Amino acid sequence: MFEFLGEITERMRFKKIIEAGAKTAISNKKLLEKEIKKWLDSPQRKMMQLGEAYYTGEHEILKRKREVIGEDGQLVEVENLPNNQIVDNQYAKLVDQKVNYLLAKPLTFETQNNEYLKQLQLIFNAKFHRTFRNLGEDSLNGGIAWLYVFYDEQGNLAFKRFPPYEVLPFWKDADHTELEFAVRLYPVSAYEGDKEVIIHKVELYTTDGIEHYVWQKNSLVRDVEQEKTTYITTTDENDEVLGLNWERVPLIAFKYSNKGLPLIKRVKSLQDGINIMLSDFENNMQENAHNTILVLENYDGQNLGEFRRNLAQFGVVKVRSSEGSRGDLRTLSITVNAENYKAILSLFKKAMIENGRGYDAKDERMSNNPNQMNIQSMYSDIDLDANGIETEYQASFEDLLWFVNVHLTNNHKGDFDEEHVNVIFNRDILVNESESIKNAVDSMPILSMESIVAQHPWTKNLQLELDRKEKERQKEQQEFDDYRNNFPNKLLGGNTSGQE
């Protein structure tokens, strides 16, 4: 009891230290070590690792053992029975659905400043889009994803993902929107002589730079191979190297939900149920000798082990008749009903789609040229989930754009702090193209051409399509002007002094 109260008191003390400032908290090394140790064994971090494991196919069914009731009534492991471990990874399919639905298409940036738009398109290029899509996977598997903003060896602004289970954040506020500082712990392979060992590196990210440690026996030990570093390295007018830091910690959190809960927490039991049903079905189909109960009378052998061996090897059994008792072998069959398994699997998969808020691409509503209302009905659950994800990501993009604006200002590309940017997530939703095109044409008298082009299902790049439309208009205008100027000459035989 007193130990528990002492632990609470220590946590409250540590919280006050964090609220007082990152420098004070970091200077209290012992409390920081205690927080790291507690985090390494926390259920939250284990759930992050579990989400990543399930996405890559490492499911709980792979650790399953076949057990039967033993002589004392307790379960005991047996090795002579089939033990299939089938993984039907519906969870990975669900994650891919959500990620590709929201992030498969490149982001679109809208701003009134064309120069700013040009700079944003150079920074948020195809390489960033690939990183951002993978960041979406981290967000779903771990509940939260981390994007690190840094400068590469060529001095270009770059972005890197940190796995969710490697980062321990310390927040300024209860809503977890402002980061005070963060700890990153990750394994690195090294050699001690000819023996390979794993070293756990620890990096402490603050507004004063990065401090480097090694995690040894639940303690932070200074990394002798690497000193404290800054986020930015540059040179002054005398070519002397200068180390600079951001005003904020360059780690940006992208949450799956406001509570930061991973998707696996919703659907793990359903995914395990699917795997168990498939594995049990195959086990039962392979247990040929157990699908039939053998009723044996006057067996001509020593023991049941020999009987099982002869049955498996020769397919025959010797029985005998003596003293008026006739030998016999009869069977009681137990039929494996495949329809029962199909029904249960169907229920599990449907429940997984509903609880995971995905969609069924084989839905009956998608047959016979569905209209747009049917398509939207099928996408309703994943659309609602995507709305929540987008809300979180939009807030994170505001933090990301702060670093981008500082970078552009420092590199004399322009001061864009006051510019408004609208980040558009182009969702990859199935549409009835004929119906969408007809609606776009019918809306021409009401909406602007830009709005119609933006909603057209064939539009890949809005600005590119508008530029093409403008070139076509200029070409048609030029052809009309040329014809109008030449028409009087043709009509009057070159005499343009009269009236047209």
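This is a predicted model: local features need pLDDT of at least 70, side-chain atom pairs count only at pLDDT 80 or more; totals for chains, interfaces and linings use all residues.
The chain contains 16 helices and 16 strands. Of its 500 residues, 37% are buried. Among contacts between residues at least 6 apart in sequence, 62% join residues at least 24 apart. The accessible surface of the chain is about 31,700 Å², and 49% of this area belongs to carbon and sulfur atoms.

Strand E4, residues 144-151, is joined to E13 by five bridges. Ala145 has Phe254 of E13 as its bridge partner.

A hairpin is formed by E11 and E12, with five residues between the two strands. Four bridges join E11 (residues 232-235) to E12 (residues 241-244), and the strands run antiparallel. Within this pairing, Thr233 has Gly243 of E12 as its bridge partner. In the turn, Asp239 has a positive phi of about 60 degrees.

The largest nonpolar core has 74 residues, and Phe124, Phe132 and Phe397 have the most contacts inside it. Helix H13 gives the most to this core, with eleven residues. When neighbours within four places in sequence are left aside, Phe124 is in contact with Phe109, Phe159, Phe397, Leu400, Leu401 and Val404. Another core, of 14 residues, lies apart from the largest one and includes Leu32, Phe181, Val183 and Tyr213.

Not counting residues up to four places away in sequence, Glu390 touches Leu102, Phe425 and Arg427.

Side chains of opposite charge can pair when their charged atoms come close. The structure holds 24 salt bridges. One of them joins the side chains of Lys38 and Glu35, at 3.2 Å from N to O. Both residues lie in helix H3 (residues 29-40), three residues apart, which is about one turn of the helix. Lys38 is partly exposed at 34% relative accessibility, whereas Glu35 is buried at 14%.

A salt bridge between Lys268 and Glu60 has its closest N and O atoms 2.7 Å apart. Lys268 lies in helix H8 (residues 264-286) and Glu60 in the loop between helix H4 (43-55) and strand E1 (67-69), so the pair ties together parts that are 208 residues apart in sequence. Glu60 is partly exposed, with 45% relative accessibility.

The side chains of Asp385 and Arg266 form a further salt bridge, at 3.9 Å from N to O. Asp385 is in helix H13 and Arg266 in helix H8, and this pair links distant parts of the chain, 119 residues apart. Asp385 is buried at 7% relative accessibility, while Arg266 is partly exposed at 29%. Through salt bridges that share partners, Lys98, Arg266, Arg357 and Asp385 are joined into one network.

Key:
Residues are numbered from 1 along each chain as its sequence is written. Side-chain values use heavy atoms; hydrogens and water are left out. Two strands pair if DSSP finds at least two bridges between them. A nonpolar core is a set of buried Ala, Val, Leu, Ile, Met, Phe, Trp, Tyr and Cys residues joined through side-chain atoms within 4.5 Å. Buried means under 20% relative accessible area, exposed over 50%, partly exposed in between (1.4 Å probe, protein chains only). Contact means heavy atoms within 4.5 Å. Accessible areas come from the Shrake-Rupley method with a 1.4 Å probe; for residues, only the protein chains shown count as cover. A salt bridge is a side-chain nitrogen of Lys or Arg within 4 Å of a carboxyl oxygen of Asp or Glu.
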